[in-house]
Amino acid sequence: MTEQDDKRIRELVAARAKAMTERDAEALAAQCAPELLAYTLAPPLAHRGEDVEARKAWFASFDGPIEYEVRDLEVTVGGDVAFSHSLTRLSTTPKGAPAKFDLWFRSTTGFRREHGEWRITHVHDSTPFYMDGTMSAALDLKP
């Protein structure tokens, strides 16, 4: 891994966070390879490609600002592939909701260098769930 590759991956993660807070669907899509496979918090189980119109509709489902924070970011680069993992916080107010929610989740992102540029090829976001019989999402966890 070169310092330059590590720096570039970290810049992409920071740009992704900025695009989320700015509701910039085009900026998010520009980071992704066409064959992106994403396991996001929202249904369905898998998303193929970055759908700009679907992302815009998702952004429109929230009132007020979207807060998006990446914490404890670690990057691993090997040749033309890389991955990062972090804890991520999303906080915003769903349309019609009385208050905003604050959710921490786990994020892993896969990258591939194509024609000298790093592109996102895989995203996996997840939240743990309580295995106490309730099977409810553990939305109250904080790092």
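**View 1. Surroundings of W118 in the predicted model.** Leaving aside neighbours within four places in sequence, W118 is in contact (heavy atoms within 4.5 Å) with D5, R8, I9, L12, V77, G79, D80, V81, A82, F111, R112 and R113. This is a predicted model, in which local features need pLDDT of at least 70 and side-chain atom pairs count only at pLDDT 80 or more, while totals for chains, interfaces and linings use all residues. Residues are numbered from 1 along each chain as its sequence is written, and side-chain values use heavy atoms, with hydrogens and water left out.

**View 2. The nonpolar cores.** A nonpolar core is a set of buried Ala, Val, Leu, Ile, Met, Phe, Trp, Tyr and Cys residues joined through side-chain atoms within 4.5 Å, where buried means under 20% relative accessible area with a 1.4 Å probe and protein chains only. The largest such core has 13 residues, of which I9, L36, V77, A82, F111, W118 and I120 touch the most other members. At least two residues of this core come from each of α1, β1 (32-39), β3 and β6, the helices (H or I, at least four residues) and strands (E, at least two) being DSSP runs numbered from the N terminus. A second, separate core of 12 residues includes A25, I66, L103 and F105.

View 3. Six strands form an open sheet in the order β2-β1-β6-β5-β4-β3 with mixed pairing, two strands being paired if DSSP finds at least two bridges between them. The edge strands, β2 (47-48) and β3, each pair on one side only. Antiparallel pairing joins β4 and β5 over 12 bridges; within it, T92 has F101 of β5 as its bridge partner, and R89 has W104 of β5. The hairpin of β4 and β5 has 6 residues between the strands, and G96 in its turn has a positive phi of about 85°. The strands β5 and β6 also run antiparallel, joined by 9 bridges, and the bridge partner of T108 in β6 is H124. In their hairpin, with 2 residues between the strands, H115 takes a positive phi near 55°.

**View 4. The largest cavity.** A cavity is a set of points, on a 1 Å grid over the protein atoms alone, where a 1.4 Å probe fits but cannot get out, and lining residues have an atom within 4 Å of a point. The search of the whole structure finds 1 cavity of 30 Å³ or more, and the largest cavity has a volume of about 110 Å³, taken as the space filled by probe spheres set on points joined across faces, edges and corners. Of its 13 lining residues, V13, R16, Y68, S107 and T109 lie nearest the centre.

Note on methods
1 Å grid on protein atoms, 1.4 Å probe; cavity = no way out; pocket = protein on both sides within 12 Å on 5 of 7 lines; lining within 4 Å. Buried < 20%, exposed > 50% of the residue type's maximum accessible area, 1.4 Å probe, protein only.
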